[in-house]
Amino acid sequence: MDSTSLRVAQIDVLIPAYNAETTIEAAVASIQSQTIRDIRIIIVNDGSTDRTQDILNKIAKADERVQVLTTLNGGIVSALNAGLEICSAEFVARHDADDLAYPSRFEAQLNFLQNNKDCVAVGSNIRHIDENGKLIGTQSRLYGDVRPDPDWFPSKEPYLMHPFLMVRLDAIRMVGGYRYVVHAEDTDLYWRLLGLGRLHNLRDIHGEYRIHSGSISSASIVNGRVAAVASQLAAISYKRRLQGLPDIDFSPSQRANYERAKTLSNILELAGQSLSPDERSYLKAATSAKLLSLMEYRPYIPDHQDCAFIGEALGQTTLSTPNRREISRLKGKTALRLLKLGKLSDAFALQPSMENIARAVASNLKKNFFKRKQSTALTN
C-alpha cells in the first residue's frame, strides 16, 4: 500500500470503469480539473478486457491523487462497493467513466452540503451528449429537495443524477452501501438515504451525461423491463421499512434470473414471489407505467406482449385524475411512436381507445364517401 492510498482527502471520487478505453481519459480529466483540488480519485477497473487498465496506469502515474483498484468483473454494484470500502473522505462524489464534469461541480456541491447539515446527498442537472461527445440539445430539469411518492404509478422516485451525486460517507455506510437492485441500484440507495435526511438537486448544470447505444440501460427492451421492475421493487422496499416489515431480499442472482425470464409477465412473476397480493398488484401496474416512462427517453421498442400487458394492467388500475392524465400522455406518446413505425396492432394493444377512434374515423370516411357518391349521382 503506497502513500496515495493512505492519504485522506476532502472528497473521494468514485469512478467504476468497464471497457471504457474511448472515454475514460476525458472523464478523469474533467475531475482532475475541478476547482476543489483536495480530492482522491478512486477508479475501480471492473475486469475490463480492452485497454482501460493501461490507460488508468498512465493516468495514475501522472497524478498522485489517482488510485486504481482492479477487480474481477462483477458489475457496477460490486465495483461501487469495492470502491466504498477504501473511501475515507467525509464526502464521496460519484462519476462515470464516460461522463464529463464541469470545473465548478464539486465546489458547488460541497458548499451546499457544508451549509446544510441536514442534507445527506446532493445532485445537479446535466446536459445530454451523444456517444461522440456532441450535445444533443436536451438536459435534465431537477431542482430542490426530492419529493418522492411510493404510491404513484410509477413511483415518484427520490431521484438524483447518479453519476453527479455527492453524498456523506457516513450516510452511505449507515444504509449499507449499494444493493443488487438490477439497473436501479441508485434509486434504491436514495430511498434508503431518505431515512437519514434530505436529498437535494442543485438548479445549475454541472456536467454532461453521455447517452449511447452501448449503455446498459439503453441496450435492449429486456434491460428496460428489468429496470422497470427493479425500480418499483425499490419503492415497495421503502414502504416495507416504513411499516416495520421485513425488507425484500435483493439477491445478486436476480439479474441472470430476470434476463432469462425475458418477458415482462415472467419477470414480474419472479419478482412477485415474496410479495403480498397488494404489493403484487401495485408492482404490476407501477412497472407497466415505469416502462412507458423509460420509453420517453430510451430507444426501447416494446413488442406486442409488452403492449398488451401494459394496456391491460393500467386499464384495470384505479388512478387519481392527475395520475391518469400522466399515464394517458405516456401511452399516447408511445402509441404514436409505434404507429410511425408501422406497428399498428401493437399501438392498438397499448391504447385500445385508439383502435376505437381509428374505426370511427374509418366509418365516417366511408359514410362521407357514399354520401358524396350519392350526391354526385343525383346531380348527374
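## Cysteines, aromatic rings and a helix pair

Cys-87 is buried, its relative accessible area being 4%. Cys-307 also counts as buried, because its relative accessibility is 0%. The structure, which is a predicted model, holds zero disulfides.

**Aromatic pairs**

How many aromatic pairs does the structure hold? There are three. One of them joins Tyr-159 and Tyr-190, whose ring centres are 6.1 Å apart. The planes of these two rings stand at 75 degrees, and since planes over 60 degrees apart count as edge-to-face, the pair of Tyr-159 and Tyr-190 is edge-to-face. Tyr-159 lies in the loop between strand E8 (144-145) and strand E9 (166-168), while Tyr-190 belongs to helix H7 (residues 185-193). The pair therefore ties together parts that are 31 residues apart in sequence.

Tyr-190 has 0% relative accessibility and so counts as buried.

Another pair is formed by Trp-191 and Tyr-238, with ring centres 4.6 Å apart. Their planes are at 35 degrees, so this pair is tilted. Trp-191 lies in helix H7 and Tyr-238 in helix H8 (residues 221-242), which means that the pair ties together parts 47 residues apart in sequence. Both Trp-191 and Tyr-238 are buried.

**Helices H7 and H8**

The two helices that carry Trp-191 and Tyr-238 can also be described by their axes. The axes of H7 and H8 come within 9 Å, and they cross at roughly 20 degrees. Angles under 35 degrees count as roughly parallel, and H7 and H8 are therefore roughly parallel to each other. Which hand does the crossing of H7 and H8 have? The crossing is right-handed.

**Charges over rings**

| Charged residue | Ring | Distance to ring centre |
|---|---|---|
| Arg-203 | Tyr-143 | 3.9 Å |
| Lys-284 | Phe-309 | 5.5 Å |

In the Arg-203 case, the charged end sits over the ring of Tyr-143. In the other case, the charged end of Lys-284 sits over the ring of Phe-309.

**Summary**

Cys-87 and Cys-307 are buried, and the structure has zero disulfides.

Definitions and conventions. Residues are numbered from 1 along each chain as its sequence is written. This is a predicted model: local features need pLDDT of at least 70, side-chain atom pairs count only at pLDDT 80 or more; totals for chains, interfaces and linings use all residues. Side-chain values use heavy atoms; hydrogens and water are left out. Rings of Phe, Tyr and Trp (its six-membered ring) pair if their centres lie within 6.5 Å; planes under 30 degrees apart count as stacked, over 60 as edge-to-face and the rest as tilted. Helices (H or I, at least four residues) and strands (E, at least two) are DSSP runs, numbered from the N terminus. Buried means under 20% relative accessible area, exposed over 50%, partly exposed in between (1.4 Å probe, protein chains only). A charge sits over a ring if NZ of Lys or CZ of Arg is within 6 Å of the ring centre and within 35 degrees of the ring normal. A disulfide is a pair of cysteine sulfur atoms within 2.5 Å. Axes are lines fitted to C-alpha atoms, for helices over the stretch in contact, and angles run from 0 to 180 degrees between N-to-C directions. Angles under 35 degrees count as roughly parallel, over 145 as roughly antiparallel, 65 to 115 as roughly perpendicular and the rest as oblique. A crossing is left-handed if the near helix is turned anticlockwise from the far one by less than a right angle, and right-handed if clockwise.
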